[in-house]
Amino acid sequence: MSTAPAHAHPVHKDYQGAKFGMWLFLFTEILLFGGLFLLYSIYRSMYPIDFHNGGKHLNVIIGVANTVILLTSSLTVAVAITAIQKGNKKLTLACLGVTIVFALMFLANKYIEWSAEIRHGIYPNGPELLKMPNGEKIFYGLYYSMTGLHGLHVLAGIIALLITLDFVRRDKITGTDFNKLENVGLYWHLVDVIWIFLLPLLYLAA
Amino acid sequence: MEHAEEQGHVVPYRTLVKVWLLLLILTAVLVFVSTAFHEALSVAALLTLTPLKAGLVFFYFMHLKYERPFLKAMVFMVLGVLILFIGLTFLDISYR
């Protein structure tokens with residue numbers, strides 16, 4: 001353990017650069033999901049009735065519940081950042097913990113939802129899916145790829161949040177050096193924004 | 001103080017909670033409009049309320065409101081490119 005005062009060996013921290021780097025990564029994420037949104041809007045314009053019928057089979061209650069869960073988890077991350085800026089470590093830890101619980105609830109809902117659909121034979125090459133018209137097959141293809149890719153992002157977010165929680169606990173993230181927390185927060189908010197678009201596109205399409 | 005300024009703006013808890021409440025209200029309106037009204041109105045709600053919700057998250061939760069103009073310009077440029085691509089692709093498929 002070093003006993004040298006901090007000013008003797010100043011650690012160079014490029015705070016603006018680190019944050020800008022995170023935003024650049026988010027831009028690639030926006031364009032990644034943007035490609036899927038583009039596919040969705042084109043196929044919806046080609047098969048409006050099939051997309052309408054496809055949306056009917058989705059569970060709106062689970063979709064809306066997951067929206068409320070993600071919006072609230074975004075709030076807890078944002079509160080965690082304000083809390084660390086104010087030097088309130090306890091509140092930061094609590095908020096990050098709550099965010100992780102919300103993220104797990106989101107994935108649990110996703111599991112319930114997907115298992116119900118798979119039980120009904122709606123999955124790639126599933127018996128029910130093959131009976132559907134082409135537009136509805138495309139709708140479900142997009143539904144599984146978009147929510148699946150988003151679900152992977154939630155999973156990655158949980159891992160990032162757990163690491164951040166541990167950093168805060170061990171004072172690697174503090175009131176004067178919280179860039180890591182802010183960047184994980186930015187990522188988590190983007191995951192929330194993507195879901196904000198997925199709700200009306202998929203669940204409210206009917 | 002210098003450090004605090006460099007590390008960005010502290011958004012008050014009250015503001016964050018207000019934004020969260022607004023997001024929940026907008027979600028409720030969106031769900032209500034798309035289940036209770038005609039499809040044209042629900043598409044209009046989708047195209048207005050959804051970007052508004054995303055904007056609230058970007059500006060307040062992601063602190064974009066308090067960022068430098070340069071970063072704001074970058075974000076709008078990326079979204080502009082995405083919208084341009086969607087627009088151009090639609091032009092392409094609608095005149096085939």
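Modeller: In this predicted model, the elements of chain B run α-α-α-α from the N terminus on. The secondary structure of chain B amounts to 4 helices and 0 strands.

Biologist: What radius of gyration does chain B have, and what would a compact globule of 96 residues have?

Modeller: Chain B has a radius of gyration of 18 Å, whereas a compact globule of 96 residues would have one near 12 Å. Along its principal axes, the C-alpha trace of chain B spans about 60 × 35 × 10 Å.

Biologist: What percentage of the residues in chain B is buried?

Modeller: Buried residues, those under 20% relative accessible area, make up 33% of the 96 residues in chain B. The chain exposes about 5,900 Å², and carbon and sulfur atoms supply 75% of that area.

Biologist: How is the length of a helix checked, taking α4 of chain A as the case?

Modeller: At 1.5 Å a residue, the 31 residues of α4(A), residues 89-119, should span 45 Å; the end C-alpha atoms are 45 Å apart, which agrees. Just after α4(A), A:Gly121 takes a positive phi of about 80 degrees.

Biologist: Which elements do the buried residues of α4(A) pack against?

Modeller: An α-helix has 3.6 residues a turn, so residues three or four places apart point the same way. The buried residues of α4(A) include A:Thr92, A:Cys95, A:Leu96, A:Thr99, A:Phe102, A:Phe106 and A:Asn109. The buried residues of this helix pack against α3 (60-85), α6 (134-169) and α7 (179-203) of chain A.

Notes
Residues numbered from 1 in each chain as written. Chains lettered and ligands numbered in written order. Predicted model: local features only at pLDDT ≥ 70, side-chain atom pairs only at ≥ 80, totals over all residues. Heavy atoms only, no water. Helix = DSSP H or I, 4+ residues; strand = E, 2+ residues; numbered from the N terminus. Rg over C-alpha atoms; globule rule 2.2 N^0.38 Å. Buried < 20%, exposed > 50% of the residue type's maximum accessible area, 1.4 Å probe, protein only. Areas by Shrake-Rupley, 256 points an atom, 1.4 Å probe, with all protein chains shown as cover. Expected span 1.5 Å × (residues − 1). Contact = heavy atoms within 4.5 Å.
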